[in-house]
Amino acid sequence: MVLDRWQHHGLGRRLMSALLVSARRRGLGRLRGRMLGGDRRMLAVVERLGVVVDRAARDQAIRSVSIDLPPF
């Protein structure tokens, strides 16, 4: 979560990128999570990073997201 005053400065993208790198370094094969369905900007950010967003879910308020993490 990023405070309102820090939004639109690329901080969410940097944090997500760092999370993905850290998960890969630790040998995780897949990362899964949930995001607010109404946060369209952040959903677009994670999609650009290769994260798959489940858009077919019945609950549109919460989106399941996942990414396969190939080893370094």
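Buried means under 20% relative accessible area and exposed over 50%, with partly exposed in between (1.4 Å probe, protein chains only). By that scale Arg 55 counts as partly exposed, at 42% relative accessibility. The structure is a predicted model, in which local features need pLDDT of at least 70 and side-chain atom pairs count only at pLDDT 80 or more, while totals for chains, interfaces and linings use all residues. Residues are numbered from 1 along each chain as its sequence is written, and side-chain values use heavy atoms, with hydrogens and water left out.

**Fold and overall dimensions**

- The chain has two helices and three strands, which follow the pattern α-β-α-β-β when read along the sequence; helices (H or I, at least four residues) and strands (E, at least two) are DSSP runs, numbered from the N terminus.
- Along its principal axes, the C-alpha trace of the chain spans about 30 × 30 × 15 Å.
- Of the contacts in the chain between residues at least 6 apart in sequence, 59% join residues at least 24 apart, where contact means heavy atoms within 4.5 Å.

**Surface and charge**

- Buried residues account for 26% of the 72 residues in the chain.
- The accessible surface of the chain comes to about 5700 Å², of which 54% belongs to carbon and sulfur atoms; these areas come from the Shrake-Rupley method with a 1.4 Å probe, and for residues only the protein chains shown count as cover.
- The chain carries 15 positive and 6 negative side chains, and the centres of the two sets lie 7 Å apart. Lys and Arg count as positive and Asp and Glu as negative, whereas His and the chain ends are not counted, and the place of a charge is taken as NZ of Lys, CZ of Arg, CG of Asp or CD of Glu.

**Nonpolar core**

- The largest nonpolar core holds 13 residues, of which Met 35, Met 42 and Val 46 touch the most other members; such a core is a set of buried Ala, Val, Leu, Ile, Met, Phe, Trp, Tyr and Cys residues joined through side-chain atoms within 4.5 Å.
- At least two residues of this core come from each of helix 1 (11-25), helix 2 (40-48) and strand 3 (62-68), and helix 2 gives the most, with four residues.
- When residues up to four places away in sequence are not counted, Met 42 touches Gly 12, Met 16 and Met 35.

**Salt bridges**

- A search of the whole structure finds two salt bridges, each defined as a side-chain nitrogen of Lys or Arg within 4 Å of a carboxyl oxygen of Asp or Glu.
- In one of them, the side chains of Arg 30 and Asp 68 meet at 2.7 Å, N to O. Arg 30 lies in strand 1 (residues 30-36) and Asp 68 in strand 3, so the pair ties together parts that are 38 residues apart in sequence.
- Arg 30 is partly exposed, with a relative accessible area of 44%, whereas Asp 68 counts as exposed at 51% relative accessibility.
- The side chains of Arg 55 and Glu 47 also meet in a salt bridge, at 3.0 Å, N to O, and Glu 47 counts as partly exposed at 35% relative accessibility.

**Individual strand residues**

- Ile 62 is found in strand 3 and counts as partly exposed, at 33% relative accessibility.
- Leaving aside neighbours within four places in sequence, Ile 62 is in contact with Arg 34, Met 35, Leu 36 and Gly 37; the C-alpha atoms of Ile 62 and Arg 34, which are 28 residues apart along the chain, are separated by 6.4 Å.
- Arg 32 lies in strand 1 and counts as exposed, at 68% relative accessibility, and Arg 32 touches Val 65 and Ser 66 when residues up to four places away in sequence are not counted.
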